[in-house]
Amino acid sequence: MALETIAGKTLDFYAPRFEVVIENQRLPVNISKVIREVSVEEEKDKASRFSITVSVEPDREKGGFEWLDDPLFKEGNKTSIRMGYGSDLSTMVHGRIEELESGFFSGDAPTLTVSGYDVSCELRKKSGEKTFRNKSYGEIVKDIADLGGLQATIDPTNRYEEVIRKKSDTSYYRFIKEVLAANLRYEFLIDREGRLIFVKPKDEET
């Protein structure tokens, strides 16, 4: 097979690519072309962290610098990052912007670094005591998912509690994982698409 034929068939496979979507808007070309770096850091039992570094240029018409006040780069905005090769992209993180940091270094172009964490971040924070009354475990998990603004896949549960409390020194994430999921031996995770999963183990399915 001719070398050019092989190259044509494998070019997409070897072309790393990323896609950033903020508030359901794919970043426009004029911003995408000045992105210097996109990274996603994953660590077991912790929220995934993402960062996007953009080169900024002086705005000759309005003054100041481009992108620094762009409404897309706003704390709290929902952000998804997909990575892969060619047209084969996979979601790496679905989260929210938490920090904006501008960088001005001598001899280098100014930058804006946008960073944040996946949607499990809020549920991983310690919060006040919470009491659930007359609910099944599945209903409790649904309430917590709604509290975090998460879509959820939840298998029905027969476990029911008249009263069950989440302690003030425990996050909702740990409460689900170490109490509800552990008692039922259910699988629990928040996937890269930002969906809360609370289901029976696969090996127990018929």
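**Reading the strands**

Tutor: Three bridges join β9 to strand β12 (residues 196–199), and the two run parallel. Helices (H or I, at least four residues) and strands (E, at least two) are DSSP runs, numbered from the N terminus. Two strands pair if DSSP finds at least two bridges between them. This is a predicted model, in which local features need pLDDT of at least 70 and side-chain atom pairs count only at pLDDT 80 or more, while totals for chains, interfaces and linings use all residues. Residues are numbered from 1 along each chain as its sequence is written, and side-chain values use heavy atoms, with hydrogens and water left out.

Student: Which residues of β12 are the bridge partners of A152 and I154?

Tutor: A152 is partnered by L196, and I154 by F198.

Student: What is the strand order of the sheet that holds β9 and β12?

Tutor: In general, strands of a sheet pair through backbone hydrogen bonds, either parallel or antiparallel. Here three strands form an open sheet in the order β9-β12-β11, with mixed pairing. Its edge strands, β9 (152–154) and β11 (187–190), each pair on one side only. From one strand to the next the twist averages 5°; axes are lines fitted to C-alpha atoms, for helices over the stretch in contact, and angles run from 0 to 180 degrees between N-to-C directions.

Student: How many bridges link β11 and β12?

Tutor: Four, in the antiparallel sense. E187 stands opposite V199 of β12. The hairpin of these two strands has five residues between them, and G194 there takes a positive phi near 85°.

Student: Which residues of α4 are buried?

Tutor: Y137, G138, I140, V141, I144 and A145 are buried. Down the axis of α4 these fall within an arc of 160°, so they line one face of the helix; the arc is that of the directions from the helix axis to the C-beta atoms. They pack against several elements, including α3, β8 (130–136) and α5 (172–184). After α4 comes G149, with a positive phi near 70°.

Student: What is the order of the seven-strand sheet?

Tutor: That open sheet runs β2-β1-β5-β6-β7-β4-β3, with antiparallel pairing. At its edges are β2 (25–26) and β3 (35–41), each pairing on one side only. Within it, β5 (residues 78–85) and β6 (residues 88–103) pair over eight bridges, and Y85 stands opposite D88 in β6.

Student: Where does S120 lie, and why does it count as buried?

Tutor: S120 is in the loop between β7 (111–118) and α3 (121–124). It counts as buried because its relative accessibility is 1%. A polar contact is a pair of N or O atoms within 3.5 Å; within protein, one must be able to donate a hydrogen and the other to accept it, and residues adjacent in sequence count only if both atoms are side-chain atoms. The S120 side chain makes such contacts with the side chains of D118 (2.4 Å) and R124 (2.8 Å). Not counting residues up to four places away in sequence, S120 touches A47, Y173 and I190.

Notes: Buried < 20%, exposed > 50% of the residue type's maximum accessible area, 1.4 Å probe, protein only. Contact = heavy atoms within 4.5 Å.
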